[in-house]
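Please keep the sequence and the structure in view as you read.

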Protein chains: 2
Amino acid sequence: MSLDGPTMDERVPRDFETLRATILDRRESLPKRIAQIAAYALDNPDDIAFGTAASIAASAGVQPSTLIRFAQQLGFDGFTSLQQVFRERLRERNSSYDERLQALRAKAEGGAGHRAIFDGFVAAASTSLNDISRTLDDAHLEDAISLLAKAQTIYVLAKRRSYPVASYIAYALGKLNIRNQLIESAAGLNAEMIAFATPADAVIAISFSPYAPATIEEARTISEHGVPIVAITDSSFSPLAQFARVWFEVAEADFAGFRSLSATMALAMAMTVGVGEKRRDIGRKRKA
Amino acid sequence: MSLDGPTMDERVPRDFETLRATILDRRESLPKRIAQIAAYALDNPDDIAFGTAASIAASAGVQPSTLIRFAQQLGFDGFTSLQQVFRERLRERNSSYDERLQALRAKAEGGAGHRAIFDGFVAAASTSLNDISRTLDDAHLEDAISLLAKAQTIYVLAKRRSYPVASYIAYALGKLNIRNQLIESAAGLNAEMIAFATPADAVIAISFSPYAPATIEEARTISEHGVPIVAITDSSFSPLAQFARVWFEVAEADFAGFRSLSATMALAMAMTVGVGEKRRDIGRKRKA
DNA sequence: TATGGATTGGAATTATTATTTCATATTCCC
DNA sequence: GGGAATATGAAATAATAATTCCAATCCATA
């Protein structure tokens, strides 16, 4: 308005991260009460998003006017515009991951650099995690864990895309001192390995469409020998579901032609650690 | 207040899901304009959470008074209390994963069943993903991809906990027709394998504390031969960081003693697919 | 088609909330 | 220690938003 005043055209933070950085940056030089509200804002961003100037000021132990001065000091013209940033943050975070994923796919295809690809994989993983925590059936998890906890040896069966999960399960079972056998395809000794399994053992089998024929074949053989199978797969039409005593449907989002493994991993780890716990409990009871 | 009025003690929905169910349930019997705002509310919950009665009404194409009647019909005493439910929903969803993770850890340790364990792993994965998407340096990613895109053969080096990531990288590189060699410990031929690597190749090495000695040893040897290394590790003190041409710091949250792999996986996939793209681009240029 | 009840639109009213102002207190520098 | 500049508190004011009210309209039913 006036020509003499400081022009104040210092960049006003428009997004939360910039704002956060700005605040942290100036933290030292802020007056006491302003610093107090600044700290409160970063600690309780949700309150800023939803509260009224009066309620926030009260929670932070300052006057409403201080809150407004804080906003102005950051370059906003009032509390309301500062609040917008905090609200936008909630919107962003909350905006359906699916939508974001769509956008990112488009962006990546448009050749928007490698950051877009990375963001895409992160979004795919997040989507998958959201999804599975909505859909996982607690009772199935309990069943699977009980079944596996009773097994003498746990066989882990997975090829190709699912193999990383299997190898992590094997690693974790090993660390928990649970006897296990990873059925790899490397040496071609799978048939022999499988022949050792008895109904007192159990199998964790993982396979997604297009199902690796070897996995299906081995699962069939092993189930015909009466060994119970816990399966992780992607649909009720999966051949694995047929052979399994307990099975989980996991829908992983994909990006750039590769599916996420995050949901499968989370489930696999929960099963593994669950079995470890259950075994400890049983051990304790036996002693008592 | 009055004794004669309808007591209105029909359950007022306190959480979003109940509210949603209530609305869907009554949908048929609602008057036209009320139905219109009801549909809008379920389609744009964020707008309800943040907007003012006037702005929402305008977006939905109704009068503010209709919005209030809608709220009252549901048993709320006004728009404001209806809005609370929509705001609470955002808070819930958004409640910092870290806090949730803390709570879940406590719950799981208190022996609250296996669902809590599962939720813990999901939360750990989500936290890690959030973290890495905040901290990843785009320039490093570009550097790593350029470096790997030039390599004749990409060697993938990881043991124990990191091995699943390595195997997924190898799988993905294979699918993309990029020559690669997974350095496994199985047959004990690692030293020989490594000896084949030349400065025209490149290595992706992954290791987290406690760093598997074999990984470190092999990384050292290979870097001494002048083969460039891209490392994924967990701190700048990591011995891997020393040998690496480019390295990434990835902080994975842990739960029940096992770290998530989700952030590492996302980064690994972005690198892999990024290399695939870059190669295609180069191929196209050569032709042109 | 006339009639009563329900529904709707729009403006008036009331309540709430942000912002400004000014007196008082604190801090910092000479 | 004095004085100017800055910071703070509290209440007044202005702005904005929610709610209510009433007239107009629509709709079903006789």
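Chain B and chain A bury about 5,000 Å² between them, and 65% of that area lies on carbon and sulfur atoms. In chain B, the residues that lose the most area to chain A are Phe50(B), His114(B) and Phe258(B), which together make up 15% of what that side buries. Please bear in mind throughout that this is a predicted model.

**Where chain B meets chain A**

- The contact between the two chains involves 55 residues of chain B and 54 residues of chain A.
- Three salt bridges are counted between chain B and chain A, and in one of them the side chains of Arg115(B) and Asp138(A) meet with a distance of 2.8 Å from N to O.
- Between chain B and chain A there are also 14 residue pairs in polar contact, counted where both residues have pLDDT 80 or more.
- Several elements of chain B give two or more residues to the side that touches chain A, including helix 3 (45-50), helix 7 (97-109), helix 9 (138-150) and strand 7 (258-259).
- Which element of chain B gives the most to the side that touches chain A? That element is helix 8 of chain B, with 13 residues.
- When the residues on the side of chain B that touches chain A are sorted by class, 29 are nonpolar, ten are polar and 16 are charged.

- Of the atoms of DNA strand D within 4 Å of the protein, 64% belong to sugar or phosphate, while the rest belong to bases.
- On chain B, Thr80(B) has a polar side-chain atom 3.3 Å from a sugar or linking oxygen of DNA strand D.
- The elements that give two or more residues to the surface near DNA strand D are helix 2 (32-43) and helix 5 (64-73) in chain A, and helix 4 (53-60), helix 5 (64-73) and helix 6 (79-94) in chain B.
- Helix 5 of chain B gives the most to this surface, with five residues.
- By class, the surface near DNA strand D has seven nonpolar, seven polar and four charged residues.

Notes
Residues numbered from 1 in each chain as written. Chains lettered and ligands numbered in written order. Predicted model: local features only at pLDDT ≥ 70, side-chain atom pairs only at ≥ 80, totals over all residues. Heavy atoms only, no water. Near = heavy atom within 4 Å. Polar contact = N/O pair within 3.5 Å; in protein donor to acceptor, adjacent residues only side chain to side chain. Helix = DSSP H or I, 4+ residues; strand = E, 2+ residues; numbered from the N terminus. Nonpolar A, V, L, I, M, F, W, Y, C, P; charged D, E, K, R; others polar. Contact = heavy atoms within 4.5 Å. Buried area = accessible area lost by both parts, 1.4 Å probe. Salt bridge = Lys/Arg side-chain N within 4 Å of Asp/Glu carboxyl O.
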